[in-house]
Every structure is written in C-alpha cells, then in structure tokens.
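Dear colleague,

I am handing over the structure we spoke about, and my notes on it follow below. Please read them with the coordinates open beside you.

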Amino acid sequence: MLDTSPHPISVFDMLKIGVGPSSSHTLGPWRAAEHFVRELRASERLDRVSSVRVELYGSLAKTGRGHGTGIAVMMGLCGNDPETCDVDEVQRLGPATLSSGQLAIGGTRVVPFAREHDIVFDGAVSLATHPNGMRLLAKLDDGEVVEQVSYSLGGGFVAHDVADGEPIAVADLTVELPCPIASADDLLRWCADGRSVADVVRTNERAWRTDSEIDTGLIRIRNAMRDCVFRGVSTTGTLPGGLGVARRAQALHRSLLGPVEAQDSAAWFDGVSRADLEFGDTVRLVSCLALAVNEENAAFGRVVTAPTNGAAGVLPAVLFHHLAGLDPDRADIDAESIRFLLVAAEIGAIFKKRATISAAMGGCQAEIGVSSAMAAAALAECQGGSAAHALMAAEIAMEHHLGMTCDPIGGLVQVPCIERNAMGAMKAISAAHLAIASLPELAQVSLDDVIDTMWSTAQDMNVKYKETAEGGLATRIPVNVVEC
Ligand code: SF4
C-alpha cells in the first residue's frame, strides 16, 4: 500500500546534522542556496554567473539578522555543506567577504558581492504561500537572469515548488512504506500486534536503507548530539549577536561533576554515567545538557536538528539523562540510543504531517512543544511503557506547551530559547513518568486531538507571536543585533 500521508518522512529527515542557530532561518536558507548553486552547475551556467542577489521575505526578513540567515545563505552559495563544513568558516566568511568584496559561488566562480546590497531583508512583504519565502537571483554574462523561489518549512525542510497553493517539500514520493502513518492512531494500529513503536518505525525505515545503515546512521546522530553537549559543557564566554548572553552550561557542569577533563565526548559521557548523582543533581544535569546544546546552537555550532535547531537541546538532554541512568557495564547503550531516536523521530514526523514544526507557522509550541513530545514518547518506550504509553506521554508533553509563542529577543535564538529547552526536557521526563503510571485507555485527550489543537491554536495565534520578533519578550528588551 502506498503511504497516503502528505509525504513519507524518514527518521533521517527529522534528525539532521547541521549548523545553528535556526533550522528554518539558517539551515533551510543555507540548503536553498546550495540547491540554487547545484542547479546552476547542472545546467552549465555556474561559470557564466556575473552577480547574485538574495531577497528574504516575511519572517525570514524580520528575524533573519538575529538568526544568521544572511551568513547561512552566503555559506550555501559558496558550496559549503552544513553537515560537514568547518563551522569556524561561518565566523570567517563575513569579514573575508567584507574585505574582498567578492564571493566564490560554488567555491569556484568569484563574483562581486556587497552583503548590505546583495542580501535584501524585506519584512514588509510576505510571499503568499509561506511566511518563510526567499528568492535567489543570478545574473549571467549575457544578461539572462536565473531565479529560484524557495520556502523554508521548518526543521531544515525546504520547498522549491508549489502545488495547490502549498509549498511541496523535496521528498521521494515513490517510496512505499509497509506501515503508512499519517496519525498517532495509525501508529497505534500498527502496534496492535505487539510491536513497539521503534519496531514499526524500523520496518518503515527499511524502505530507504538496510538495518545496518539505520543503526550506523543513528549512532552517528547520537554521537553528533554527544559531541555538541561536550563542546557546550567545555566552553565559556559570551554568545554572539549583541545581547551579551553568558554561557552557563560549563559552570553548571563544574558545580555538578567538576571541570571537564575528558579528551572526547565518549570519555566524558562514560564519566557522567559512572558519577554518583543525587536526585537533585540529576534534575540539574538535565538542564545543564539542554543549555550546553543550545549555547552551541546560538554560537553557530554543529547541532542535530530535532525537530528544529532552536529546540535541539530537548532530545539530547532527555536521551543522555536516560542513558546515564543505565548500568554502563551491562546495558547496550547503542541499542538503547537507536530505540530512543526511532521513536522520537516518528512522533516529530506525525506533528509535521498533521500540523507544523515551523515557529513561523505555529509559534514555539511547534518547536519546543514538539521536541518535548518526541522526547517524552521515546523515554516512555525506553523505560518500559507500551506504544499507548508512549503516545500518551507525547500528548501530555504537548498539552502543556499549547499556545506557547515565539518571541526571541532581537531575533536571536537565545532568550527565551536556551532555557526553554531545559523546560521542555523536564516536561518530557514528567510526561513520560505520568504516562507510564496511567492507563492510556482512560486518557481524555488523544495525541491526535492535541496535535489538531496545536494546529488550530497556531492558526488563531496573532502573527506577531510567530517568529517575527514583533511581540512578547522581543519588544520588551531592546538590543542592537550584531550580525555574524
Ligand atoms: S522562541 Fe521557541 S520557536 Fe522561537 S526561536 Fe526560540 S526556541 Fe525557536
């Protein structure tokens, strides 16, 4: 049977390695620029480009300066891959372009480039199909202009086509999934034969890749999360952007576990899992892990989008909290990590299919709320809950994020975003334990109910609370944003 859901979504579409601070405003525009350059190269026009121009609209323009949209587009135009590039290049490219007045499109075609003129932030205009619209233009030697219109849909998903007034994300629609899932009810039905959520998700994932590739890929994702936490708890200083936010994860880690002396993230985590922590310390550790990831995210570090970059700290905080509670000498930490990530990704995919994971569409409930629901379900299943318990955990977590607005000060993904990840992680842990202690058949609200409620709340929400920096905290605290 063909998956009739909007698009089959792989676990690796939901969990992507990239660069902070925003999946919709950094990773998406970066990918759009890469796609533009790829198309120019494929049509043998790259070597004829004489100038480029980028126009950012709607939310991309309103919060793009704080979210690093300009530098992300430049990185993409130069042919850098966010998954593999040297992240320090993000900090170098702006000053280098300013002094040379040039940009190497695709890494080879050098054209004149003045960032203040060639990247236009037009917040007064919003493209009809999506609040995160952008236009890329390349002028060729003979005067021909090549144009690409793209939409950044949240979570690093990008669309270059529109059908029936909706942006259509790049996806392999020919993939046939054995267990099509468009709703939480669908997922529960596939689990009715006794399979866990992770089993069903793996069955579908085999439509894209082998078991070995699934496992290797997810361990790579887990390790990227662990590396990110490790850098976060090892780094001090002030975050970029002009708000003057001090990093706190390192000091929190020091007060809990002493200074970081491990040589790498694997050794660091082994030490954490052998530490003798009291209950109160465990709670503080969860906050520390979440802060570590989102401080890295705010500093243009490498993070795993889960389901977005602004909310990238929730899943690692809950995952490593769970893994640290296992016996490091007896538990299969890799197998447990894989199980956790399979469940989390599927919950995120259901939210994406049925509602949104874009703050420009749904406010922060669509980012932190979804990440908390993903983590809650994964933790519930890993701690012995049934599929029904896992879905109930996701429902509880989202229920207590409904209506949460997106109002980042200065458009920077710092305040309230960094602390909000710690809160989302704590809610996820509470939700998982509440669900496991409950009878899911007695729940008043299903996961599908709460997803649909989130979506209707998103549609009712005043646009100024949807990643525009025109409402809430963003209008209370003045800041002169310093672009990267
Ligand atoms: S307020 Fe929430 S949705 Fe908005 S940028 Fe921050 S983390 Fe993302």
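Two strands are said to pair here if DSSP finds at least two bridges between them. In this predicted model, strand S6 (residues 133–140) pairs with strand S2 (residues 49–57) in the antiparallel sense over 7 bridges, and S6 also pairs with strand S7 (residues 145–154), again in the antiparallel sense and over 7 bridges.

As for the protein as a whole, its secondary structure comes to 21 helices and 10 strands, and its C-alpha trace spans about 65 × 55 × 45 Å along the principal axes. The radius of gyration is 22 Å, which agrees with the value near 23 Å that a compact globule of 484 residues would have. Buried residues make up 54% of the 484 residues, and, among contacts between residues at least 6 apart in sequence, 79% join residues at least 24 apart.

Finally, the ligand: which residues are the closest to it? The ligand is surrounded by 13 residues, of which the closest are Gly310, Ala359, Cys364, Cys406 and Cys417. Sorted by class, this shell holds 9 nonpolar residues, 3 charged residues and 1 polar residue.

Conventions. Residues numbered from 1 in each chain as written. Predicted model: local features only at pLDDT ≥ 70, side-chain atom pairs only at ≥ 80, totals over all residues. Near = placed C-beta within 6 Å. Nonpolar A, V, L, I, M, F, W, Y, C, P; charged D, E, K, R; others polar. Helix = DSSP H or I, 4+ residues; strand = E, 2+ residues; numbered from the N terminus. Rg over C-alpha atoms; globule rule 2.2 N^0.38 Å. Buried ≥ 20, exposed ≤ 12 C-beta atoms within 10 Å, placed from the backbone. Contact = placed C-beta atoms within 7 Å.
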